[in-house]
Amino acid sequence: MKDWLRSFFGKDPPLSPDMPGKVQSIVKHERAVVGSTAAAVLGQHQASAWEIMIPPLFLYSLFRTRKSKELFINNCLFTKMLALEAAFHMVDRRQSRTAVLSQVEERTQKIMTSENKGLYSPSIQKKQMEEIDLLLDHFGRLLTADGRSHSTMVKSAYGTEEDYLRFLDCLGRAEKEVNAEALKTIQGTEIEEKTTWEMEMAVQKIRRATAKEIFSSCR
């Protein structure tokens with residue numbers, strides 16, 4: 001994690017001494033959510049797993065061989081980490097929202113140009129950018145909130161469980177739109193559609209349970 005943080009922040013250290021701890025807490029939380037989702041989904045499909053067809057974007061397709069849980073986690077986190085990095089540059093480096101989103105779009109465009117195998121479409125990229133735009137607000141709120149633990153930042157940023165759940169619902173809808181475009185592009189089969197639905201239900205359940213746990217201490 002320390003090596004990753006150094007790479008994340010680049011040559012110049014963060015202006016805020018709390019920033020490394022905040023970023024690390026966010027990454028730890030996102031990995032935990034995706035890890036639990038992977039366990040729930042892959043546990044139901046012992047002979048199958050989700051594979052990224054266009055690394056490192058999360059365009060899902062079900063292959064008939066088992067792949068590692070870590071592959072699932074790393075690829076699912078890719079857009080989250082793009083949004084987190086953009087939020088860091090906006091909050092700590094004082095870059096404009098337009099500038100950081102433009103940088104993200106340029107990075108995804110380069111991947112599409114260099115690695116596209118005819119499956120990554122502008123419509124998928126558009127939906128991914130909409131998700132990243134939503135996450136940029138979320139991560140920006142966390143990075144400017146009080147505290148360094150994820151739960152403390154969430155409580156400071158959102159105030160109530162209801163407000164946090166509203167964000168999670170918006171995020172879930174954005175992710176479903178990305179998945180729908182991906183399935184449309186690859187002409188997903190019934191099993192792929194079913195597994196996508198299972199993944200979406202699993203992550204929703206995990207996130208809502210986490211939200212309840214975060215705000216239970218406030219009651």
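**Exercise 1. State where the charged end of Arg-141 sits relative to the ring of Tyr-158, and name the aromatic cluster to which Tyr-158 belongs.**

Solution. The charged end of Arg-141 lies over the ring of Tyr-158, 4.0 Å from the ring centre. A charge sits over a ring if NZ of Lys or CZ of Arg is within 6 Å of the ring centre and within 35 degrees of the ring normal. Tyr-158 also forms one aromatic cluster with Tyr-164, Phe-167 and Phe-215.

The model is predicted: local features need pLDDT of at least 70, side-chain atom pairs count only at pLDDT 80 or more, and totals for chains, interfaces and linings use all residues. Residues are numbered from 1 along each chain as its sequence is written, and side-chain values use heavy atoms, with hydrogens and water left out.

**Exercise 2. Classify the ring pair of Phe-8 and Phe-88.**

Solution. A pair of aromatic rings is described by the distance of the centres and the angle of the planes. Rings of Phe, Tyr and Trp (its six-membered ring) pair if their centres lie within 6.5 Å; planes under 30 degrees apart count as stacked, over 60 as edge-to-face and the rest as tilted. By this rule there are seven aromatic pairs. For Phe-8 and Phe-88, the centres are 5.5 Å apart and the planes stand at 55°, so the pair is tilted. Phe-8 belongs to helix H1 (residues 2-9) and Phe-88 to helix H4 (residues 78-91), so the pair ties together parts that are 80 residues apart in sequence. Helices (H or I, at least four residues) and strands (E, at least two) are DSSP runs, numbered from the N terminus. Both Phe-8 and Phe-88 are buried, where buried means under 20% relative accessible area, exposed over 50%, and partly exposed in between (1.4 Å probe, protein chains only).

**Exercise 3. Describe how H4 and helix H6 (residues 122-143) cross.**

Solution. The axes of H4 and H6 come within 8 Å and cross at roughly 50°. Axes are lines fitted to C-alpha atoms, for helices over the stretch in contact, and angles run from 0 to 180 degrees between N-to-C directions. H4 and H6 are therefore oblique to each other: angles under 35 degrees count as roughly parallel, over 145 as roughly antiparallel, 65 to 115 as roughly perpendicular and the rest as oblique. Residues making the contact include Ala-83, Ala-87 and Phe-88 of H4, and Leu-135, Leu-136 and Phe-139 of H6. Contact means heavy atoms within 4.5 Å.
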